[in-house]
Amino acid sequence: MNQTAKPSWPVFRSLQGAAANWRVDLVAGLTLAAIATPEQMATARLGGFEPHIGFFVFVAGALGFALLGANRFLSSGADSTITPIFAGSLTLIAAAGTPHYATLSALLALMVGAMMLGAGFFRAGWVANLLSIPVLTGFLAGIAVHIALSQAPSFLGLPGGSGTFFDRVKQLAQHFGEINPVALGLGLGCLAIVIVAERLSPRIPGALIALIGATLAVLALGLEGKGLPVIGAFSVKPPHPSAPIVSLNDFVRVLGLATLITLVVMVQSAATSRSFPGLPGEPPDIDRDFLGLGAGSILAGLFGGFPVNASPPRTAIVAENGGRSQLASLAAAALVLVAAFGEPFLRHTPEAALAAILFFIAGRIFRVADMRDILARSKQEFLLVVVTIFAVVLLPVQSGVALAIMLSLIHGFWTTTQTDLQQFVRLPGETVWWTQHPTKARETLEGVKVVGFQAPLSFLNAEKFGREMLEAVETPGLKLIVLEASSIADIDYTAAKAFGSVIRACHDRNVDFAIARLESLRARAALNAYGLLDALAPPGGKGKDRLFHSVDEATRALAPHAKVIGIPAEDRKSAG
């Protein structure tokens, strides 16, 4: 079989790639396991779980994605982006570490998995575009602050904090004089190792080196007996697939959270798939990737874990190490599963080491370079970044994320409503009509006005469209107005009402009205459905007589004898 062929099931394609590239996939899997092992432990602790639960979630994510996902490189598992969101929300229902908390997290994983499967099945990849880059940047920065603040007590060797942002800051201030210098020193050392390793090469497993080194230091120097906080003993039990049993009230309370988590997973996984596509000529299949992530979350829920997400850094590791199929993730899952039973050694791991790893992750998702670029190019959109950060940090996490999504949608709506009616002019000696430019020579026709509205017509901009069109119609001596409609992709009911008012106003003033370049089939169907085509009809004619392929065709047909008025170019400096 040709290696570039695309079998119907992704798992077959992965096995096909594995047959030819198993050596490089195993090397990539070994590197991935070295990176993922400490990260999955740290993320599980961030969510209020014992470290080995992170390993099981990673295995579930790898198995589910290898079965149904399309991307050859994508690494799925426990993720520090979504963990603070659901952990902060679930602790409002049940205390972290309790059986009820574990049941709710498993329920959440199953619900997120079901929603992701639905999104993939119904090809809802477009939903991933609901978060704009400025809002997403602010959202990730807010999550980074939550991660850093939640791990600060462990990093400093202080008692764990809880509550809101202000509660945690107050608790840190109250215990600041009790900082454990050994914990702080180990934390700083681990953080330095991870940072240096990352700068030297992303392939160096700095987090694993730091974790093992810190644990060996604890054992060699007897630091645990001197008051250094460590993970401590935990019971590792092989997962037994089972469905969580919950009340209707718990189901309803988790449903909204599951919807938010699903949206975040969709956004991050789509960005990951687009950043790391498959082989040349193999476009990303976002919807199929949703299926893989959905299967991973369902397996994680059945294993008693929590939702999985795509990881851009881990995916980059697979791609940079020459991985060619999901065998790399499966190999890493097998190695991580073995590490899950290393409790006799891992119990001595200092909490400060795991906190250092999460500090590094928080710094990586706090995208300062992106913020600077947004600020340099658009101060209004940078304000979105700032507002989103404060919303995610200061409000309850679930409310902050919901507000971030609303801000992104409002921003999209706002940009749509800001479209102005543009006046078109003809290039001298040509048949092309274009938006006017004061520094270039142009010409118009006496008694003719050509305008364009460069956005879909909807309730968001209907009032503005109607008002500006009526102002154009009231131009003295106007005999014909042509709407250049190439950018109008659709027309809704509210906009159709405003459109009809403009047509009636034209007829009342004996001004002819024509539409040119209405290329959208949806917009053409809307003209007919809302009666606008009939309204356009001239006396004794049909509405289609006022639809033209070009502005030039419309003006030649309806104003053939209009006098040409030349407009010279203005001085560039005065025009500016």
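Helices (H or I, at least four residues) and strands (E, at least two) were taken as DSSP runs and numbered from the N terminus. The structure is a predicted model, for which local features need pLDDT of at least 70 and side-chain atom pairs count only at pLDDT 80 or more, whereas totals for chains, interfaces and linings use all residues. Residues are numbered from 1 along each chain as its sequence is written, and side-chain values use heavy atoms, with hydrogens and water left out.

Asparagine 71 is placed in the loop that runs between helix H2 (51-68) and strand S1 (76-77). With a relative accessibility of 6%, asparagine 71 counts as buried, where buried means under 20% relative accessible area, exposed means over 50%, and partly exposed lies in between (1.4 Å probe, protein chains only). The side chain of asparagine 71 reaches the backbone nitrogen of leucine 74 at 2.9 Å; a polar contact is a pair of N or O atoms within 3.5 Å, of which, within protein, one must be able to donate a hydrogen and the other to accept it, while residues adjacent in sequence count only if both atoms are side-chain atoms.

Side chains of opposite charge can pair when their charged atoms come close. When a salt bridge is defined as a side-chain nitrogen of Lys or Arg within 4 Å of a carboxyl oxygen of Asp or Glu, the count comes to 15 salt bridges. One of them joins lysine 464 to aspartate 420, with the closest N and O atoms 2.8 Å apart. Because lysine 464 lies in helix H18 (residues 462-473) and aspartate 420 in the loop between helix H17 (397-417) and strand S3 (421-426), this pair ties together parts that are 44 residues apart in sequence. Lysine 464 is buried at 16% relative accessibility, whereas aspartate 420, at 36%, is partly exposed.

Helix H18 also contains both arginine 467 and glutamate 463, which are four residues apart, about one turn of the helix. Their side chains meet in a salt bridge with an N to O distance of 3.1 Å; arginine 467 is partly exposed, with a relative accessible area of 38%, and glutamate 463 is exposed at 54%. A further salt bridge, at 3.6 Å from N to O, is formed by the side chains of arginine 509 and glutamate 474. This pair links distant parts of the chain, 35 residues apart, with arginine 509 in the loop between helix H19 (493-508) and strand S8 (512-516) and glutamate 474 in the loop between H18 and strand S7 (480-484). Arginine 509 is partly exposed, at 41% relative accessibility.

For aromatic residues, rings of Phe, Tyr and Trp (its six-membered ring) pair if their centres lie within 6.5 Å, and planes under 30 degrees apart count as stacked, over 60 as edge-to-face and the rest as tilted. By this rule there are ten aromatic pairs. Phenylalanine 165 and phenylalanine 166 form an edge-to-face pair, at 5.4 Å centre to centre and with 80° between the planes; phenylalanine 165 is partly exposed at 23%, and phenylalanine 166 is exposed at 53%. Phenylalanine 453 and phenylalanine 465 are likewise arranged edge-to-face, at 5.2 Å and 70°. Phenylalanine 453 belongs to strand S6 (residues 448-453) and phenylalanine 465 to helix H18, so the pair ties together parts that are twelve residues apart in sequence. Phenylalanine 453 is buried at 0% relative accessibility, and phenylalanine 465 is buried with a relative accessible area of 0%. Phe49, Phe86, Tyr101 and Phe306 form one aromatic cluster.
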